[in-house]
Amino acid sequence: MTLRMIPPSSPTYTQILKSTMLMGGSSLVNVALGIIRNKAMAVMLGPEGVGLMGLYGSILDIAQAIAGLGVGSSGVRQIAEAAGTDDAERIARSATVLRRISMVLGLLGALLLAALAFPVSNFTFGDYQHAGGIALLSLAIFFRLVSAGQTALIQGLRGIADLARINVLAGFFGTAVSIPLIYLFGLQAIAPSLVVIAAASILPTWWYSRRISPHPSPMPTRQFGREVSALLRLGFVFMASGLLTFGAAYAVRLIVLKEGGVMAAGLYQAAWGLGGLYAGFILQAMGTDFYPRLTAAADNNAECNRLVNEQAEISMLLAGPGLLGTLTLAPLMMNLFYSADFHGAVDLLRWICLGMMLRIISWPMGFIVVAKHTQTIFFWTEVAAAVVHVGLAWLLVSLLGTQGAGMAFFGLYVWHSILIYVIVRTLTGFRWSAANRRHALLFLPASGLVFLTFSIVPLWPATMIGFVAVIICGLYSLRMLIDLLPPESVPAIIRGWITKSA
């Protein structure tokens, strides 16, 4: 076997890996902080407290999606388009509008959630006991939306290194304050801790975004209105998407809560958090760097398809071994990140990992729909996804218990992956590259095999089979990633190892 020739698009692969590693490095720090934070929450609060935190988090996500009007996501596009023109005045104008509208929406969103605290508490929990905590979350809405506006400025200009630093700083400050709060005040500190975590992102996002139009750009009222109108028109689609996604997640948690109580909701929250932990940094990097690059090439179908195939290839090679490892070590990870009380979430976690594998593959294709400005298609695919997710959860949880929620997530991405492929095939003539088909034919069957092994084989033999699958897939991924990079970017010791094994 000989080394493959470096493809002409190696610089693109290098850029994808660089941005993924920058965001991934910050995510690894946050993973370490997450271990500390989750362990502390699990020990001090138990499954019930973790479940309550998950429900509060869903309420926050929905309120942010409604109040934010999609401005954070549409702002990224506006800033990226302005940056593409190299027009400093246009960038300054867009930055000023984004900052001001984010502040206004943050204030309005906080007031709205505070005003609706009692009905939201009654709808979610069946009583008014949590109304005070929900009202307090209004502060988190304000902090989140202001921070989202500042983050959009940095992301639109592809300041990946700054975003990585922001993630680390926000994670550190949020963890350092929230754990003592929970320790001192227990369940009563859950809402304040979420406020603290949201507030922790304000200062670093302001610090790194201040260099972008540090002085507000003066503009006539009419021009300001036009800029805001453009921002909101595009933002409405993102708002609808976010509302459907977070609304579906909230509905699934309510289904689990009504069927199994707060403890079941806690198990689901723990499995969801761990299932998305490893895949999260890849998906975050995808949205941070890939989306602005794809937007710039939106009018060129061939370029769009090339970028999506490259992003999907890197994502599969990075995520595949990690998700297989999570499938294999699910009981250990549940004990490490939470406690023995969460052992009931192990099967849930494995189902969610299967869904995450499909999510990693399908997400790059979904960005084509967004970049192409096909708002109607984008909206209805999100509606369909929400209906399928909630419908499957309602059916499977009622039949099989809490585990059905994980099965519903997997079923969602089986359906969604097929649908989104058909759509982008129609829009751009997209086809999977030969390399991606080869990667998928390794990782998907391997994931299914490991999952089924744990269902029919005793724990230790199944774990050994899982380890073998992780090692084989890990070595395969490493080899493929090295082949995709320019020789000068690969350390000499690794180049020598590859040459000897060729």
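Trainee: Which helix gives the largest share of the lining of the largest pocket?

Mentor: This is a predicted model. Helices α1 (10-68), α4 (117-125), α5 (131-156), α7 (190-199) and α9 (221-296) each supply at least two residues of that lining. The largest share is 5 residues, and the helix that gives it is α1.

Trainee: How many residues line the largest pocket, and how much space lies in it?

Mentor: The lining has 19 residues. Leu-52, Tyr-56, Gln-129, His-130 and Leu-187 lie nearest the centre of the pocket. The space in the pocket is about 330 Å³.

Trainee: Are α15 and α16 roughly parallel or roughly antiparallel?

Mentor: Helix α15 covers residues 434-456 and helix α16 covers residues 459-484. Their axes lie 9 Å apart, at an angle of about 165 degrees. An angle over 145 degrees counts as roughly antiparallel. The two helices are therefore roughly antiparallel.

Trainee: Is the crossing of α15 and α16 left-handed or right-handed?

Mentor: Look at the pair where the helices pack, with axes 9 Å apart. The crossing of α15 and α16 is left-handed.

Trainee: Which residues of α15 meet α16, and what classes make up the contact?

Mentor: From α15 come Arg-438, His-439, Leu-442, Phe-443, Ala-446, Val-450, Thr-453 and Phe-454. They meet residues of α16 including Leu-459, Ile-465, Gly-466, Cys-473, Tyr-476 and Met-480. By class, the contact has 12 nonpolar, 5 polar and 1 charged residues.

How values were computed. Residues are numbered from 1 along each chain as its sequence is written. This is a predicted model: local features need pLDDT of at least 70, side-chain atom pairs count only at pLDDT 80 or more; totals for chains, interfaces and linings use all residues. Side-chain values use heavy atoms; hydrogens and water are left out. On a 1 Å grid over the protein atoms alone, a cavity is a set of points where a 1.4 Å probe fits but cannot get out, and a pocket is an open set with protein on both sides within 12 Å along at least five of seven lines; lining residues have an atom within 4 Å of a point. Grid points are joined across faces, edges and corners, and a volume is the space filled by probe spheres set on the points. Helices (H or I, at least four residues) and strands (E, at least two) are DSSP runs, numbered from the N terminus. Axes are lines fitted to C-alpha atoms, for helices over the stretch in contact, and angles run from 0 to 180 degrees between N-to-C directions. Angles under 35 degrees count as roughly parallel, over 145 as roughly antiparallel, 65 to 115 as roughly perpendicular and the rest as oblique. A crossing is left-handed if the near helix is turned anticlockwise from the far one by less than a right angle, and right-handed if clockwise. Contact means heavy atoms within 4.5 Å. Ala, Val, Leu, Ile, Met, Phe, Trp, Tyr, Cys and Pro count as nonpolar, Asp, Glu, Lys and Arg as charged, and the others, Gly among them, as polar.
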